[in-house]
Amino acid sequence: MTRYAFLTLLLALPAGCQRDGVIEVDLTAQPPRFIVHHRGWPAPFHWPRVTEFAIASEEDGGIWVLRSATSEGEPARQLAFVFGEVPPGFVQLTPDKAARVRPLVVGRTYFVAAGGPTYVYRIVFALPVDTWTPVQPSPTTSPAVFPAN
């Protein structure tokens, strides 16, 4: 699968997969953290695995894409991705391995997705973030619009 094919797939999947958990945006830490925590069945008996993580914007396309170093991935149990820091067990695909991630831009909308063999987690957010809402689109809804401060 190409670098952006996975990102496109995650963002195009129906929101039904998302209801079991979302990606939380934690802006109390700098750089921001994105926390994947599965809240549905079968937790706490088994945690679905995350094998890929991606952040994109309409203006820039994929800005940060990570893939698990193993096919097993990591459990979706308080799995934190600190923006720009490759976590243990993952490798950076975009930007190129040694390149730094472009900073997040105030006022820009970002699409974040994480997934594995059985679950997909997604969220859309914009900076600054006062509150965040998981995106659960339907055929009649338009993209989320966040109020300006």
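Ground rules first. This is a predicted model, so local features need pLDDT of at least 70, side-chain atom pairs count only at pLDDT 80 or more, and totals for chains, interfaces and linings use all residues. Residues are numbered from 1 along each chain as its sequence is written, and side-chain values use heavy atoms, with hydrogens and water left out.

Start with the core. A nonpolar core here is a set of buried Ala, Val, Leu, Ile, Met, Phe, Trp, Tyr and Cys residues joined through side-chain atoms within 4.5 Å. Buried means under 20% relative accessible area; exposed is over 50%, and partly exposed lies in between (1.4 Å probe, protein chains only). The largest core has 25 residues. Which of them touch the most other members? Phe-34, Val-36, Val-50, Phe-53, Ile-55, Trp-64 and Phe-81 do. Several strands give two or more residues to this core, among them strand 2 (33-38), strand 4 (52-57), strand 5 (61-68) and strand 7 (79-82). Strands are DSSP runs of E, at least two residues long, numbered from the N terminus.

Take Ile-55. Leave aside its neighbours within four places in sequence, and its contacts (heavy atoms within 4.5 Å) include Phe-34, Trp-64, Phe-83 and Phe-111.

Now the rings. Rings of Phe, Tyr and Trp (its six-membered ring) pair if their centres lie within 6.5 Å; planes under 30 degrees apart are stacked, over 60 edge-to-face, the rest tilted. The structure holds eight such pairs. Phe-53 and Trp-64 sit edge-to-face, 5.8 Å centre to centre, with 80 degrees between the planes. That pair links distant parts of the chain: Phe-53 is in strand 4 and Trp-64 in strand 5, eleven residues apart. Both are buried. Phe-53 also pairs with Phe-81, this time stacked: 4.0 Å centre to centre, 10 degrees between the planes. Here strand 4 is linked to strand 7, across 28 residues. Phe-53 has a relative accessible area of 0%. Phe-81 has a relative accessible area of 0%. Ring pairs join Phe-34, Phe-53, Trp-64, Phe-81, Phe-83, Phe-90, Tyr-110 and Phe-125 into a cluster.

Five strands form an open, antiparallel sheet in the order 8-5-4-9-10. Strands pair if DSSP finds at least two bridges between them. Strand 8 (90-94) and strand 10 are the edges, each pairing on one side only. Strands 5 and 8 pair in the antiparallel sense over four bridges. Leu-66 stands opposite Gln-92 in strand 8.
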